[in-house]
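The following note reviews one structure point by point. Please read it with the sequence and the model at hand.

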Amino acid sequence: MLQGLIDRIFTTRAIRVRLPGGREFVAGPGEPELTAVIEDAGTLAAIAANPELALGEAYMAGGFRIEGGDIHDFLELVGSQQVQRSRPPKPGWRIRRALEQANDRRHARSNVHHHYDLTVD
């Protein structure tokens, strides 16, 4: 499943992916430019469930790393493939985005208290 997804993304340049346990596969044409390493099964599951969020979190936590380059090289490689795949948004995307990003006053207050120490010393 993951390999199929990555094969569909990488159409003009190649990447090697190493999964937990050492299994590797190459996606895209030619010689891989770098290797993306997923360190453990929990990281793999998180990335599969929500790659937009989990990939950055996994990189910062050490569960995802790059060999043969750095994070900038990885982002450039992935970004070059996204340009190739651009397509018009699905109908209703504005409504969906608005619902996902809704933040009323009560939730905003809760978020502020969660993220910032507002106590007076």
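1. At 37% relative accessibility, E24 counts as partly exposed; buried means under 20% relative accessible area, exposed over 50%, and partly exposed in between (1.4 Å probe, protein chains only). The model is a predicted one, in which local features need pLDDT of at least 70 and side-chain atom pairs count only at pLDDT 80 or more, while totals for chains, interfaces and linings use all residues. Residues are numbered from 1 along each chain as its sequence is written, and side-chain values use heavy atoms, with hydrogens and water left out.

2. E24 forms a salt bridge with R16, and their closest N and O atoms are 3.4 Å apart. The term salt bridge requires a side-chain nitrogen of Lys or Arg within 4 Å of a carboxyl oxygen of Asp or Glu. R16 is also partly exposed, with a relative accessible area of 24%. In general, side chains of opposite charge can pair when their charged atoms come close.

3. A salt bridge also joins E67 and R18, with 3.1 Å between the closest N and O atoms. Because E67 lies in strand β4 and R18 in strand β1, this pair ties together parts that are 49 residues apart in sequence. E67 is partly exposed, at 26% relative accessibility.

4. R65 and E39 meet through their side chains in a salt bridge of 2.2 Å, N to O. R65 belongs to strand β4 and E39 to the loop between β3 and α2, so the pair ties together parts that are 26 residues apart in sequence. Both residues are partly exposed: R65 has a relative accessible area of 33%, and E39 has a relative accessibility of 34%.

5. How many salt bridges does the structure hold? There are 8. A network of salt bridges links R16, R18, E24, E39, R65 and E67.

6. The sheet is open and is formed by 4 strands in the order β2-β1-β3-β4, with mixed pairing. Its edge strands, β2 (24–27) and β4 (64–67), each pair on one side only. From one strand to the next, the twist averages 25 degrees. Here two strands pair if DSSP finds at least two bridges between them; helices (H or I, at least four residues) and strands (E, at least two) are DSSP runs, numbered from the N terminus. For angles, axes are lines fitted to C-alpha atoms, for helices over the stretch in contact, and the values run from 0 to 180 degrees between N-to-C directions.

7. Which strands pair with β1 in the antiparallel and the parallel sense? Strand β1 (residues 15–18) pairs with β2 in the antiparallel sense over 4 bridges, whereas β1 and β3 run parallel and are joined by 3 bridges. Towards β2, R18 has E24 as its bridge partner, and I15 stands opposite A27. Towards β3, the bridge partner of R16 is T35. The hairpin of β1 and β2 has 5 residues between the strands, and G21 takes a positive phi near 95 degrees there.

8. The lining of the largest pocket has 17 nonpolar, 1 polar and 3 charged residues. In this count, Ala, Val, Leu, Ile, Met, Phe, Trp, Tyr, Cys and Pro are nonpolar, Asp, Glu, Lys and Arg are charged, and the others, Gly among them, are polar. α4 gives the most to this lining, with 5 residues.
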